[in-house]
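Please read the notes below alongside the coordinates. They are arranged as separate points, from the chain as a whole down to single residues.

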Amino acid sequence: MIHPIMDRNRKWMPGFGAVLLILLSHKTSALEVPLDPKVLEGLPQPPTITLQSPKDYIFDPRENIVIHCEAKGKPHPSFSWTRNGTHFDVEKDSKVLVKPGSGTLVIDISGEKAEAYEGTYQCTAHNEHGTAVSNNIVIRQSRSPLWSKERNEPIVVQMGVSLVLQCRPPAGLPPPVIFWMDNNFQRLPLDKRVSQALNGDLYFSNVLPEDSRPDYICYARFPHTQTIQQKQPISVTVLNKSPMGERRPGFMTPLGITSTQMVLRGETLELECIADGLPTPEMSWQKDGGELPSSRMSFHNFKKTLKISDVSEADAGDYRCTATNSLGTAHHIIKVTVKAAPFWVSAPRNLILAPNETGILTCRVSGEPKPKISWFVNGIPLENAPVDHSRKVDGDTVILSNVQSGSSAVYQCNASNEFGYLMANAFVNVLAEAPRVLTPPNRVYQVITNNPALLHCASFGSPIPTITWFKDSQTSIKNGDPFVIHENGTLEIHVAQPLNSGKYTCIATNNLGIKENHVYLEVKEPTRILKQPEYKVVQKGMSAVFECKVKHDPSLVPTMTWLKDDGELPDDERFDVDTDSLTIKDVTDGDEGTYTCIMNTTLDQDSASAMLTVVEKPDPPTDLELTDQTERSVQLTWIPGDEHNSPTQKFLIQYEDLLHQPGVWINLTEVAGTSTTAQLNLSPHVYYSFRVLAVNHVGYSQPSQPSSQYRTNPAAPDENPSDVQGVGAEPGNLVISWTPLTGFQSNGPNLEYKVQWRQKDVDNEWSSETVANVSQFVVSGTPTYVPYEIKVQAVNYYGSGPEPEVVIGYSGEDLPLSAPESVQVMVHNSTLAEVHWEPVSFPSVRGKLQGYKVYYHRERGLHETEGETEQQEQVLTFSGNRSEGRLPGLQPYSLYNLSIRVLNSKGEGPPSPSKTFETPEGVPGPPSFLNVINPSLDSLTLEWGPPMNNNGRLAGYTLKYQPVNNTNELGPVKVMTFLANETTTTLGNLNSSMLYKFYLSAKTIKGSGPIITEEALTVMDTGPTEPPHPTFPTTQSPHPPFHKAVPSRQVDIATQGWFIGLMCAIALLILVLLIVCFIKRNKGGKYPVKEKEDAHQDPEIQPMKEDDGTFGEYSDTEDHKPLKGSRTPSNGTVRRDESDDSLVDYGEGGDGQFNEDGSFIGQYSGKKEKDTHEGNESSEAPSPVNAMNSFV
């Protein structure tokens, strides 16, 4: 039996339940006992205590005594017990039962005296490899003794004195809990004047009459037995006859100036100071020469008790408690010393050694006073154990050298001082074992890129195996960046990268064998939130959307979780969680908070948060109050409502005029959103009621409740009516009008207007008339259109408004009397003339001059007889005092008639004498039509009609025409002229099956007019000739923007023999050309188009000059635009409704135009796509016959 050196009267402390293991060898390596049952199976092992009861065991006599003792070992250990230092034969005591497979004792004390089993017990676990022992377990019965019978004398004291009611409960095991109550089991109220000390006594710093009572009862509750004992009641009577006066504080406990207190390390220090005095003192604490440990201290019992938990040596020192009242201060110093029961610095750990190895057991402890260390082997003191020359003891260390098989044992270290003891078992197991790898084979480790990777190779063997690592079964891994091989065999990669993925092999080796194991490392991409949720400010009732887009390793399965304020989302269908977003519909105030999206995989996670702020319109202001009331102002104050997270920008103040406009609220003024008051300017004779609206970013609040009514007194008007005017409605009167004042502006009852007028620069005296509340007054008998000075003043029962401003008005107008004279006309050209006249005198206008009207109309053309035409009269108005004007848009070669009238606001005056003038000749209009009739193989007949407007004497016609081949190239232009009476011609010597373009214009001596165009085909020289069909003209503007062409007529000749032969020849020729091009290209030859064109210099396709009328080369554009809108009917003629009047469409950019002589300038590019034709005609390419008819 191990007898610890200890103080038997020490306070009971819980023991250490954990057993620490340390293994050392002569190579400074350690072999720990593996926990794997498969490894432990078959390995011999000395006993190890795994469970034991605490050192102090207080039992309840109503229950069985259970003393735990369990151990492990190989073979399984046997158990024995000692009691009070001697062997305890459990088999001979029928009340004692040993649990199977362990040493735990169950003692049935029912019907027995429990005191018989009190004592000190120790358990021993033994097998063939050694003996382990438990702590000394002191067994004591809990006790709750009765209070000794005593008679308490009544206590009578004067008011103001201090008083102590002693409790002195019986000693119990463990000590009881004390509290004071009355006969009704009501706890007595405690405060800074009346308090309970740590020993249970009740202290009164000073007594008051209300402290008188006959039932001060102290109760003691014993925890184990759950019984409560009570002391006899104490009667206290407080007299008020000779009360004690006020006094300085003094200490009731502890007594004196200083006291001492000892506390053990790790326990809780409780310092108590209770003072008397009147008034009741206040308590404070401080540590002399140091600071109180704020994180471990607390005040109790109204600061009369200071508690410091987990005491250390640094908590020793002088603690000063101070009692203070209005009369003075008292101090008491408690000198605290800290002692320590033994505590572990380093407990001995189990050793597994191979034969001939060396091991060290260390037992390092500390305490105050310094503990004494004793060593035992298999429960026997080392000095009494058999001599072992391989063992050497040096204080707290045991050195085992060159151990041999069969020398396994269990060593005990006991450290004790007067405050307690510590004891630990540590076995030395001498084994010879080949290596084993404990890490499961083919384990797959997954780690995120840039994180540490730990590949384990847990092994067991004796001697301790050496661990080596290989990558992909080839590369040997050495210690060094980025790899670290730890002592336990674990391979660490500090910063794992994708290239570190692969197969790793660890090999465990000792002198008895070798063992390898394979593991795999997979380095994954990190999970990252690419688009984080953003801060949202959302109006109540709207929707909020938080986005959270994530990137993760494709081989990992992610899980998205949303939190609100670090908790789960509310169980509400308004919260819609999508793949990468959270939508909150119909947002409410309760939805405010921080929302966090967390993306989890099996290896890592990423998270991001954003706040949601819910805003809405502010609540209306409340508590409107009117102060500082005067005749013309009042101060309005209010209390703002809730802003709902959107600051108030301004307050809008409105008023209701209950006298003039009840029910109508009018904006009065605005103040800043930080104001809660406004000085309001008021008007007289108004029954005011005010209300306030708050405005924030969301909108206006509801109006506040109206203020109390405030009435202002009447007064004279502050203003006169506005918009005063004087205008004559008819000759001989003057209508004076104004905008009346509102009831709000009237300032009082009986509102009237004083109207004053006088003729400007004529009358000296003002005419005056006072009228009721109307808006106009008519002055009769005035001269025609003369200026008047006018004033209108507001008047009410209390006086007149301010002096009104003078306004100039005019009396009524009449029609002008005179007509303009000296009318002259200057003709500028065939379409523009300028007219001059002498203005009328201002008096004859008889009103405000508006301007002059020129009336003119075309009587007839100069080539027409009188009365042949009649055109509508035209009018031009020239505003202001003018004397000339221009007449545009006249028709050439015409006779015009004009007259002029003066104009005022009343109407027009008489006309001036009529004036006639003539316009010169101009260019004629286009011919009325152009038709192509009687097409044949080599001729076409054209007929046309004269222009609708000759605009002069018609001099004749100009006809231009040119062929268009099947590649849309234009041929040379031929020009013909005709007399004015000629309207038909036949063109001969034309090519068969050829498309011709015709341009026809009329001319006068001023030049040629606009052209009209037409297209037509000559008849083919094969097949039956179709009957002719008339063609219709296309009108052309003088400067056409675009031209449209008609493609050549299509004839189905695919069955003709000559056609087949021709096609074969063309195909052969193309093939030869392709072969030549291919050969040239391989030789590096080039075929620049520009060089080819320069080489030909065909005169027929050179750019046209203005003087010779020749045409430029046809360019074939890259977009191959068709001849827009053109079709060729089956009869070979062109329909009017299928052609256009534009020539420019035949060219590229709309650059086509005519020279002065009417010749066409531009390019005529053709289309190369197939055209769509009517009827059953073929949709093939244009006829090859046309293709051969190129221009020569």
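The numbered points that follow go through the basis of the values, the overall make-up and then selected sites.

1. Basis of the values. This is a predicted model, in which local features need pLDDT of at least 70 and side-chain atom pairs count only at pLDDT 80 or more, whereas totals for chains, interfaces and linings use all residues. Residues are numbered from 1 along each chain as its sequence is written, and side-chain values use heavy atoms, with hydrogens and water left out.

2. Overall make-up. The protein chain has 5 helices and 89 strands, where helices (H or I, at least four residues) and strands (E, at least two) are DSSP runs numbered from the N terminus. Of its 1192 residues, 45% are buried, with buried meaning under 20% relative accessible area, exposed over 50%, and partly exposed in between (1.4 Å probe, protein chains only). Among contacts (heavy atoms within 4.5 Å) with a separation of 6 or more, 67% link residues 24 or more positions apart.

3. Largest nonpolar core. A nonpolar core is a set of buried Ala, Val, Leu, Ile, Met, Phe, Trp, Tyr and Cys residues joined through side-chain atoms within 4.5 Å. The largest has 28 residues, of which I65, I67, W81, I107, Y121 and I139 touch the most other members. Two or more residues each come from β2 (56–59), β3 (65–67), β4 (69–74), β8 (105–107), β9 (119–127) and β11 (137–141), and β9 gives the most, with 3 residues. Leaving aside residues up to four places away in sequence, I67 touches S53, Y57, W81, G103, T104, L105, I107, Y121, I137 and I139. Another core, of 23 residues, lies apart from this one and includes C363, V365, A409 and Y411.

4. The site of D591. D591 sits in the loop between β55 (581–584) and β56 (593–600), and it counts as buried because its relative accessibility is 3%. Its side chain makes a polar contact with the side chain of R574 at 2.8 Å; such a contact is a pair of N or O atoms within 3.5 Å, and within protein one must be able to donate a hydrogen and the other to accept it, while residues adjacent in sequence count only if both atoms are side-chain atoms. Not counting residues up to four places away in sequence, D591 also touches K564, F575, I584, D586 and L612, besides R574.

5. The site of V823. V823 belongs to strand β73 (residues 821–827) and counts as buried because its relative accessibility is 10%. Its C-alpha atom is separated by 8.2 Å from that of I900, which is 77 residues apart along the chain. I900 is also among the residues that V823 touches, as are V835, W837 and L898.

6. Strand β75 (residues 849–861) is joined to β76 by 6 bridges, and V854 has L876 in β76 as its bridge partner.

7. Strand β81 and its partners. In strand β81 (residues 940–947), 6 of the 8 residues are buried. It is joined antiparallel to strand β80 (residues 927–933) by 6 bridges, with I933 standing opposite T941, and antiparallel to strand β84 (residues 984–987) by 4 bridges, where L987 is the bridge partner of L940. The hairpin of β80 and β81 has 6 residues between the strands, and N934 takes a positive phi near 50° there.

Technical notes
Pairing = 2+ DSSP bridges.
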